[in-house]
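Subject: Structure handover

Hello,

Here is the structure I promised you. Please open it and keep it beside this email as you read.

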Amino acid sequence: MSGLADILRKQLAAVADPSRAPAMQAYMKSAMPYLGVSAVPLRAVCKQVLADLDYPSPEAWRDDVLTLWRGAEYREERYAATELTGIRAARPFQRIEALPMYEEMIVTGAWWDHVDAIATLRLWTLLQNDPVPMKRAMMEWAQGDDMWKRRSAILCQIKGKAATDLDFLYACIEPSVDSKEFFLRKAIGWALRQYAWTDPAEVRRYVAAHEDRLSGLSKREALKNIK
């Protein structure tokens, strides 16, 4: 473990409520145990420990993230690793070269709490900074065998609003539109619902055009905010 990981582990343990840990683990259906640190104190610890960090290179930053991620004994340590990916000092490093790190976190995290934070925040930033290689990579993910990478490709523009590339969004949805996987059906609906805040008529049109293929869940989610 690196020095940073040791510091984070100690600080997280200091604010943990072990009596809450079993319920947190059961709720998240997690094989990895919890310390018992809820979201607010976890973010406070991460802000205190991570805010003033500086890195001489993107490699040094990625090394710290993956050391913390791979060495985690408790799920909150992985949440802290995800927080480390978003610190101010890492902004210049959010380029396509960071994608293998995020891919590892998505594949090994393999649950919505880990995957969605990376997909909706970090992948969106990479997509803005390096659109051509990122779109190519996301299309590969969207057509691949890993469900969580497929979900990530569908969700990577969730923050896009008017900047959403609709052709790209629909292309990422298409390979999963007939899937029976709950997390893919939910992701399709979520992505469409978010874009509906920008263009409800377009989402209504898309859902109508794919009425026979979209699941009931995807359609309900997509149209939830459209009056």
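Where is A110 found? A110 sits in the loop between helix 6 and helix 7. Keep in mind throughout that this is a predicted model.

Start with phi. Most residues other than glycine have a negative phi. A110 has a positive one, near 45 degrees, and A110 is not a glycine. A110 is partly exposed, because its relative accessible area is 30%.

K161 also has a positive phi without being glycine; the value is near 50 degrees. Look for K161 in the loop between helix 9 (147–155) and helix 10 (166–173). K161 has a relative accessible area of 61%, so K161 counts as exposed. The cut-off for exposed is over 50%.

**Helix pairs**

Two packed helices are described by the angle between their axes and the distance between the axes.

Take helix 7 (residues 112–129) and helix 8 (residues 131–143). Their axes come within 6 Å and cross at roughly 135 degrees. The two helices are therefore oblique to each other. On the helix 7 side, the contact uses L123, L126, L127, Q128 and N129. On the helix 8 side, it uses P131, M134, K135, M138 and W141. By class, that contact has seven nonpolar, two polar and one charged residues.

Now helix 4 (residues 58–70) and helix 6. Their axes come within 11 Å, crossing at roughly 10 degrees. Helix 4 and helix 6 are therefore roughly parallel to each other. Helix 4 brings W61, R62, V65, L66, W69 and R70 to the contact. Helix 6 brings M101, Y102, E104, M105, T108 and G109. This contact has seven nonpolar, two polar and three charged residues.

Last, helix 11 and helix 12 (residues 200–209). They pack at an angle of about 145 degrees, and their axes are 7 Å apart. L192, Y195 and A196 of helix 11 touch down on P200, E202, V203 and Y206 of helix 12 as the contact residues. Here the classes are six nonpolar, no polar and one charged.

**The core**

In soluble globular proteins, nonpolar side chains tend to be buried together. In this model, the largest nonpolar core has 75 residues. Which of them touch the most other members? They are W61, Y102, M105, L123, M138 and I173. Helix 11 (residues 182–196) gives the most to this core, with eight residues.

M105 is worth a look on screen. Leaving out residues up to four places away in sequence, M105 touches V65, L66, W69, A81, T82, T85, A110 and I118. A110, from the opening question, is one of these.

**A covered helix**

How many residues of helix 9 are buried? The count is nine of its nine residues, and the helix is mostly covered.

**Aromatic pairs**

The whole structure holds seven aromatic pairs. One of them joins Y34 and Y79; the pair is tilted, with 6.2 Å centre to centre and 55 degrees between the planes. Y34 is in the loop between helix 2 (21–27) and helix 3 (39–50), while Y79 is in helix 5 (residues 75–85). They are 45 residues apart, so the pair links distant parts of the chain. Both Y34 and Y79 are buried.

Why is the pair of W111 and F183 edge-to-face? The ring centres are 5.2 Å apart and the planes meet at 65 degrees, so the pair falls in that class. The cut-off is over 60 degrees. W111 lies in the loop between helix 6 and helix 7, F183 lies in helix 11, and 72 residues separate them. W111 counts as partly exposed, because its relative accessibility is 22%. F183 is buried, because its relative accessible area is 15%. Ring pairs also link W111, W148, F182 and F183 into a cluster.

Best wishes

Methods. Residues are numbered from 1 along each chain as its sequence is written. This is a predicted model: local features need pLDDT of at least 70, side-chain atom pairs count only at pLDDT 80 or more; totals for chains, interfaces and linings use all residues. Side-chain values use heavy atoms; hydrogens and water are left out. Axes are lines fitted to C-alpha atoms, for helices over the stretch in contact, and angles run from 0 to 180 degrees between N-to-C directions. Helices (H or I, at least four residues) and strands (E, at least two) are DSSP runs, numbered from the N terminus. Angles under 35 degrees count as roughly parallel, over 145 as roughly antiparallel, 65 to 115 as roughly perpendicular and the rest as oblique. Contact means heavy atoms within 4.5 Å. Ala, Val, Leu, Ile, Met, Phe, Trp, Tyr, Cys and Pro count as nonpolar, Asp, Glu, Lys and Arg as charged, and the others, Gly among them, as polar. A nonpolar core is a set of buried Ala, Val, Leu, Ile, Met, Phe, Trp, Tyr and Cys residues joined through side-chain atoms within 4.5 Å. Buried means under 20% relative accessible area, exposed over 50%, partly exposed in between (1.4 Å probe, protein chains only). Rings of Phe, Tyr and Trp (its six-membered ring) pair if their centres lie within 6.5 Å; planes under 30 degrees apart count as stacked, over 60 as edge-to-face and the rest as tilted.
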